[in-house]
Amino acid sequence: MAKKDYVVVGIDLGATKMLAGVLQGKKVLAAVKAKTDPSGGEREFFATIAATVAKALEEAGVKPSRLAAVGAGCPGVLDYRSDRIVSSANIPFIKDYPLARKLQKLFKVPAAVENDANMGLYGEQQFGAAAGCEHVAGFFLGTGIGGALILDGRLYRGSSGAAGELGHIFVDPLGPACGCGNRGCLEALAGRLALAGEAAALAARGGAPRLMNDAGADVRKLKSGALARAVEAGDKQLKDLVRRKAVLVGLAMANIVNTLDPECVVLGGGLVEAMGDLIVPAAEESMRRHAMPDISAHVTVVPAKLGDLAIVMGAAQWARSKFDA
Ligand SMILES: [Zn+2]
């Protein structure tokens with residue numbers, strides 16, 4: 001079979017959901033979503049992965065024999081020297097875990113695994129908002145804040161594979177506790193959970209009536225979409241809160257700009273998808289106010305373009321380049 005007849009599958013693998021996409025060249029032939037539940041154990045988790053990929057191949061009209069490689073983006077800290085995931089928040093059985101080898105066994109083709117934020121930025125640099133850029137930093141504002149770096153045209157993985165944790169840039173010595181064990185990280189102050197916590201307090205005090213009406217004051221229910229709808233409907237104090245969070249993101253961006261001199265900073269994730277018009281300009285303005293002007297002058301700040309498909313496309317392309325598939 002000619003190389004162009006083969007396909008590569010990219011998987012965005014999370015603790016609550018996954019998305020599997022079938023790529024032929026740059027084209028996504030099909031993408032299928034599924035719920036994941038790691039508490040059901042390893043075997044059930046892999047059964048879900050197998051079924052979702054099989055469904056995606058079927059929807060793409062592709063026989064499994066045309067599958068050349070699989071790539072997956074997974075949350076967690078990786079060690080590329082041992083090709084293992086050191087740990088992954090919310091997936092308990094992933095601890096010093098050879099996920100790539102397990103996927104290889106499951107699909108009987110070469111498999112590559114990388115950190116999900118790394119794959120998201122790689123996807124944006126290969127196919128999306130940062131196409132053609134050699135020096136890129138990415139901030140992904142979701143439940144937490146993921147980050148990734150591409151330097152000299154290559155994904156920068158550091159000495160072990162854990163580089164690019166931009167969500168844990170330190171921004172406030174008196175800041176709240178972070179999931180990583182430290183205090184005052186960008187994620188602890190400006191991730192969606194942090195924003196939702198403050199938004200809930202605001203709603204409970206009567207400062208965000210639209211939000212209170214629409215979604216209430218339960219932090220777990222204040223997803224990006226609910227926050228965006230309330231801002232859109234006129235909750236001014238909530239809008240101001242979102243803007244102040246974006247200013248903090250801009251501060252971390254300024255540190256990265258001064259340190260690495262990138263040509264492009266990509267902002268993505270659920271919060272940016274829902275409120276990019278508010279967040280991206282506020283973060284950019286803050287970055288320009290805090291970074292050295294001679295360096296920031298040539299930096300562009302762009303919203304991510306590929307949405308849900310960034311990690312899928314990045315992981316597929318990563319596997320393709322790794323195995324020359
Ligand atoms: Zn942290």
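Two residues are taken to be in contact if their C-beta atoms, placed from the backbone, lie within 7 Å. The structure described here is a predicted model. On the contact criterion, the buried residues of helix 1 (residues 42-60) pack against strand 1 (7-13), strand 2 (17-24), strand 3 (27-35), strand 4 (67-74) and helix 2 (99-107).

Helix 1 comprises 19 residues, and its first and last C-alpha atoms lie 27 Å apart, close to the 27 Å expected at 1.5 Å a residue. Its buried positions are Phe45, Ile49, Thr52, Val53, Ala56, Leu57 and Ala60. These residues cover an arc of only 135° around the axis, which puts them on the same side of helix 1. In general, an α-helix has 3.6 residues a turn, so residues three or four places apart point the same way. Just after helix 1, Gly61 adopts a positive phi of about 70°.

The loop between strand 3 and helix 1 contains Pro38. Pro38 is classed as partly exposed because 18 other C-beta atoms lie within 10 Å, whereas a buried residue needs 20 or more. Not counting residues up to four places away in sequence, Pro38 touches Ala15, Phe45, Asn90, Ile91, Pro92 and Phe93. Phe45, one of these partners, is also among the buried residues of helix 1. Pro38 and Leu306 are separated by 268 residues in sequence and by 27 Å in space, C-alpha to C-alpha.

Strand 4, one of the elements against which helix 1 packs, is mostly covered, with 6 of its 8 residues buried.

Just after helix 2, Lys108 has a positive phi of about 60°.

Strand 5 (residues 77-79) and strand 6 (residues 84-87) run antiparallel and are joined by 3 bridges. Asp79 stands opposite Arg84 in strand 6. The hairpin formed by strand 5 and strand 6 has 4 residues between the strands, and Asp83 in this hairpin takes a positive phi near 55°. Strand 6 is in turn joined by 2 bridges to strand 7 (residues 95-97), again antiparallel. In this pairing, Ile85 has Tyr97 of strand 7 as its bridge partner.

The protein chain is divided into domain 1 (3-121 + 309-323) and domain 2 (133-303). The centres of the two domains, taken over C-alpha atoms, are 27 Å apart. Contacts between the domains involve 12 residues of domain 1 and 16 residues of domain 2. On the side of domain 1 that touches domain 2, strand 5 and helix 3 (116-127) each supply at least two residues. Helix 3 gives the most to this side, with 5 residues.

The largest nonpolar core has 109 residues, and those with the most contacts inside it are Ala199 and Leu267. Helix 8 (residues 236-260) provides the largest share of this core, 12 residues. The core draws at least three residues from each of domain 1 and domain 2. Leaving aside neighbours within four places in sequence, Leu267 is in contact with Phe139, Leu141, Val272, Ile279, Val280, Ala283, Val301, Pro303 and Ala304.

Terms used:
Residues are numbered from 1 along each chain as its sequence is written. This is a predicted model: local features need pLDDT of at least 70, side-chain atom pairs count only at pLDDT 80 or more; totals for chains, interfaces and linings use all residues. Two strands pair if DSSP finds at least two bridges between them. A nonpolar core is a set of buried Ala, Val, Leu, Ile, Met, Phe, Trp, Tyr and Cys residues joined through C-beta atoms within 7 Å. A residue is buried if 20 or more other C-beta atoms lie within 10 Å of its own, exposed if 12 or fewer, and partly exposed in between; C-beta atoms are placed from the backbone. Domain bounds come from an automatic or database domain assignment. The expected span of a helix is 1.5 Å times one less than its number of residues. The arc is that of the directions from the helix axis to the C-beta atoms.
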